[in-house]
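Please look over this structure with the notes below at hand.

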Amino acid sequence: MTVALDVSWRGRIKSWINANLEQGHSVDSIVEAMASEGLDKELATTAVHSLLRGELPGSSPYEYDPSPVPPERVVHAHDRDIPVLLRIERPQLILFDDVFSADECDRVIEMAQDRLQPSATIDPATGEFEQAESRTSESCMFRVSENSFVDRLDRRISALMNWPMERGEGLQVVHYNTGGQYMPHFDYFPPTDPGCIPHLIGGGQRTATLIVYLNDVEAGGSTFFSRAGISFSPRRGQALYFRYFNDRGQLDPATEHAGQPVRSGEKWIINKWMRRYRSSAWSSESASPVNRDDRR
């Protein structure tokens, strides 16, 4: 049951919506509760969707608040002590070493081999998945904690990002052949895109990303933050964290990034996306989502 709403507390409606989303209540149930208290249903729907989207980029300057990741030089993450190699404040980027062992990297690749499908992007107008020239790779999703091995990785990553597991999407494995790339894009769902709403209903806006590099790329394949002018070369076992959603609900456009073309060899990575709210959509009991990640 949703928390009771006193519509006379209009200044607290946003907090009330947020509390219900935090508790995992559906958008429909929240809207119905608001409508039952006399609010116009269309306005109630708009209010909930606005909170799910986050503040529109550019409406006010992004404010950099403290990262959830502990400030220590070595972060204890579930079953492993992980060294911090580099921190950048604007945008918020952290490069970690030894997040996965060599054996773990190899096992992830082996598990993904037979599950790969062409990677898709989301049409910004319709929200439908489609093939696009901006992304040339193949990928698959693991369900959260789908087996004991994946559970260990999920718990380690959740601890490293200091964000609850129930707010995380399943691990996505991506494979790029020679020539493969992903042109500049955001990992969050652009609030101005009408097609983003269906992808925000379960879990709300994305808050942060962790990219784990599963192999050493012979040449190319760097992760390039185009607006910040910063590039990271793939090294097996290392991981790159970046955060783009602050405690005010703003989104950081400086986290626009690209997977640069692989000039030689191949590239394997894991993407982990955290959401603002918890969701059961990516649990081991749910059906495996198909490339639900992808942004233009």
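1. Basis. This is a predicted model, in which local features need pLDDT of at least 70, side-chain atom pairs count only at pLDDT 80 or more, and totals for chains, interfaces and linings use all residues. Residues are numbered from 1 along each chain as its sequence is written, and side-chain values use heavy atoms, with hydrogens and water left out.

2. A cis bond. Look at the step from Arg90 to Pro91. Its peptide bond is cis, with omega near -5°. Pro91 sits in the loop between β2 (80-88) and β3 (92-96). Strands here are DSSP runs of E with at least two residues, and helices are runs of H or I with at least four; both are numbered from the N terminus.

3. Ser145. This residue is not a glycine, yet its phi is positive, at about 55°. Ser145 belongs to the loop between β7 (138-141) and α5 (148-161).

4. Asn162. Here too a residue other than glycine has a positive phi, near 55°. Asn162 is in the loop that joins α5 and β8 (172-176). Buried means under 20% relative accessible area, exposed means over 50%, and partly exposed is in between (1.4 Å probe, protein chains only).

5. Cysteines. Cys105 counts as buried, at 0% relative accessibility. Cys196 is buried as well, at 1%.
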